[in-house]
Amino acid sequence: MKLFDVYPLFDVNIVKGQGCKVWDDKGQEYLDLYGGHAVISIGHCHPHYVEMMTAQLNKLGFYSNSVQNKLQVELAERLGKACGYEDYQFFLINSGAEANENALKLASFHNGRKRVLSVSKAFHGRTSLAVEVTNNPKIVAPINDCGHVTFLPMNDLPAWEAELKKGDVCAVIMECIQGVGGIQMATPEFAQGLAKACKENGTVLICDEIQCGYGRSGKFFAHQWLGIKPDLITVAKGIGNGFPMSGLLISPDFKPVYGQLGTTFGGNHLACTAALAVIDVLEQENLVENARVMGDYLMERLKALQASPEGKHIVDVRGRGLMVGVEFDIPHADVRKPLVYEQHCFTGCAGTNLLRLLPPLCLTKENVDDFIERLTTILTKL
């Protein structure tokens with residue numbers, strides 16, 4: 001049997017990681033400015049994480065949600081305090097797409113409506129409802145195209161208010177900093193006006209914090225920069241530092257009903273242990289604040305490079321915390337491929353000409369300086 005060939009792959013086999021570095025099977029070291037799609041929050045193979053996961057695996061890896069799992073209760077309490085949502089409820093699942101599926105489903109249960117407003121260039125996942133609210137027709141199969149969704153431009157408040165006033169909108173779903181969409185950011189004025197319009201029209205506001213959340217922006221959630229409080233918040237990626245898990249934070253306005261939502265693997269013992277270890281390290285090492293400080297420094301260095309002769313191809317530098325986009329006037333592949341193969345540095349991309357930087361939140365000033373040196377070397381040749 002062969003793998004189903006849907007991923008274009010770099011010819012690199014990564015076998016080891018530590019902090020912001022990874023190594024391939026030939027022993028070559030790479031600087032990791034991508035964190036495996038923003039998944040690695042506290043750094044590769046953090047010793048506290050490894051110790052907690054090993055200890056839990058030696059006791060119990062999994063049992064079903066038909067019995068009590070006090071690790072789930074502990075995680076909900078710890079996360080509520082860490083992010084400032086102690087009055088919210090928590091539902092644990094397995095992936096970002098699944099978190100968004102459950103958020104949309106819960107919103108529809110709540111108000112009985114079907115229509116959803118989503119942002120142009122949005123990415124919310126590849127499963128049924130999640131892919132329907134994703135603004136990429138290439139990955140929406142005919143069976144997913146059910147006519148539930150209207151896409152509107154980011155920050156165009158009058159357009160959103162006009163749709164919401166029709167009174168039939170179940171939910172608004174939004175990444176406050178778009179990932180796949182190119183590090184486009186909601187403004188506070190737009191977000192606050194949108195939240196107000198949702199409240200006035202009985203529409204549920206969902207913030208997708210799967211990539212931009214969990215400390216990456218320099219606050220626990222990206223929407224906390226904007227002065228809003230969503231009804232539902234989805235989390236994944238950085239929550240488990242590589243262990244597959246996700247969650248849904250739910251306003252107290254939503255009342256649970258037995259059987260309404262469910263999951264086999266969600267919130268299992270290993271997953272909860274991973275998430276608890278992540279919270280430990282985030283707090284002990286002040287990684288949310290580090291994301292803000294190092295993000296500011298990274299942006300400063302990138303903008304200085306943009307202003308130099310070597311940075312002539314850089315059109316824009318944007319982002320917040322350790323979620324940064326570098327836009328070029330040339331295809332990103334011209335920069336990204338030599339970064340990997342010549343300078344041994346991983347980054348992400350978006351669109352056709354944007355490098356997406358999503359490093360572990362333990363990034364250091366030395367790592368930033370190292371990256372700028374490697375990037376400058378590549379740009380000098382172009």
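Strand β15 (residues 354–357) sends L354 and R356 one way and L355 and L357 the other, and all are buried, meaning under 20% relative accessible area with a 1.4 Å probe and protein chains only; exposed is over 50% and partly exposed lies in between. The model is predicted: local features need pLDDT of at least 70, side-chain atom pairs count only at pLDDT 80 or more, and totals for chains, interfaces and linings use all residues. Residues are numbered from 1 along each chain as its sequence is written, and side-chain values use heavy atoms, leaving out hydrogens and water.

Helices (H or I, at least four residues) and strands (E, at least two) are DSSP runs numbered from the N terminus, and two strands pair if DSSP finds at least two bridges between them. β15 pairs with β12 (residues 323–328) in the antiparallel sense over four bridges, with E327 opposite L354. β14 (residues 348–350) also runs antiparallel to β15, joined by three bridges, and here A350 stands opposite L354. The β14 and β15 hairpin has three residues between its strands, and G351 takes a positive phi near 60°.

Helix α7 (residues 188–200) has 13 residues and should span 18 Å at 1.5 Å a residue, which agrees with its end C-alpha atoms being 18 Å apart; the expected span is 1.5 Å times one less than the number of residues. Its buried residues are F190, A191, G193, L194, A195, A197 and C198. Their cover includes α6 (157–164), β7 (169–174) and β8 (204–208), where contact means heavy atoms within 4.5 Å. After α7 comes G202, with a positive phi near 70°.

L9 is found in the segment before β1 (14–18) and is exposed, with a relative accessible area of 72%.
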